[in-house]
Amino acid sequence: MSHPAPYPVRLADEITRQLGQLADHLSQLPLPQAAQVIARILDPDAGVLGGVTHLVATGSVFAKDQAERGALPAEVWLALGRASNELHDITLDLDEHQDILKRVGAQPATTAAKPPAPAPLVVRRRR
């Protein structure tokens with residue numbers, strides 16, 4: 001007979017499942033609602049990205065302690081520390097766009113008479 005997973009493992013599984021649901025919903029939302037959701041996800045203090053960054057940083061502290069005791073290889077701690085630092089940097093980079101996302105999210109979801117012109121995302125080279 002197998003033992004049930006401990007609560008923190010079940011919690012991690014449930015959060016992962018809910019993140020998948022959120023991604024599915026996000027892909028189907030109109031622009032204002034999608035912008036609101038993305039702004040909340042990217043909020044560095046109370047958003048998902050900030051929470052994941054904090055979780056990885058906490059994992060790094062745990063791994064450092066365990067590496068110092070010889071229970072984990074130092075590479076695990078170094079990888080988690082690097083991931084934590086990179087996530088923190090990404091969070092800071094994305095925080096610059098919070099105001100734009102909030103502004104777009106505050107607009108009513110009405111059909112415009114003329115849709116905005118798409119912005120070029122790729123620059124083509126001339127031959």
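These are my notebook entries on one protein chain, a predicted model.

**Ground rules**

I number residues from 1 along each chain as its sequence is written, and side-chain values use heavy atoms, with hydrogens and water left out.

**Entry 1: the overall fold**

I started with the elements. The protein chain has five helices and zero strands, running α-α-α-α-α from the N terminus on. Helices here are DSSP runs of H or I with at least four residues, strands are runs of E with at least two, and both are numbered from the N terminus.

Next I looked up burial. Of the 127 residues, 17% count as buried. Buried means under 20% relative accessible area, exposed means over 50%, and partly exposed is in between (1.4 Å probe, protein chains only).

Then I checked contacts, meaning heavy atoms within 4.5 Å. Among the contacts with a separation of 6 or more, 56% are between residues 24 or more positions apart.

**Entry 2: helix α4**

I checked the length of α4, residues 74-95. Its 22 residues should span 32 Å at 1.5 Å a residue, and its end C-alpha atoms are 32 Å apart, so the two agree. The expected span is 1.5 Å times one less than the number of residues.

Which residues of α4 are buried? I found G81, S84, L87 and T91. They cover an arc of only 125° around the axis, so they sit on the same side of α4. That arc is taken from the directions from the helix axis to the C-beta atoms. A reminder to myself: an α-helix has 3.6 residues a turn, so residues three or four places apart point the same way.

The face turned away from the buried side carries the exposed residues E75 and N85. The buried residues of α4 pack against α3.

**Entry 3: T53 and S84**

I followed that packing from both ends. T53 is in helix α3, residues 48-69, and is buried at a relative accessible area of 10%. Leaving aside neighbours within four places in sequence, T53 contacts S84, L87, H88 and T91.

S84, in α4, is buried too, at 11% relative accessible area. With residues up to four places away in sequence not counted, S84 touches T53, V56 and A57.

**Entry 4: Q98**

I moved on to helix α5, residues 98-106, where Q98 lies. Is Q98 buried or exposed? Q98 is buried, with a relative accessible area of 4%. Apart from neighbours within four places in sequence, Q98 is in contact with A39, L42 and D43. I also looked up R40: the C-alpha atoms of Q98 and R40 are separated by 8.8 Å, and the two residues are 58 residues apart along the chain.

**Entry 5: the largest pocket**

Last, I looked up the largest pocket, with a volume of about 280 Å³. A pocket is an open set of points on a 1 Å grid over the protein atoms alone, where a 1.4 Å probe fits, with protein on both sides within 12 Å along at least five of seven lines; lining residues have an atom within 4 Å of a point.

The lining is P8, L11, A12, I15, T16, Q18, L19, V52 and L55. The elements giving two or more residues to this lining are α1 (7-26) and α3. The largest share, seven residues, comes from α1.

Definitions and conventions: This is a predicted model: local features need pLDDT of at least 70, side-chain atom pairs count only at pLDDT 80 or more; totals for chains, interfaces and linings use all residues. Grid points are joined across faces, edges and corners, and a volume is the space filled by probe spheres set on the points.
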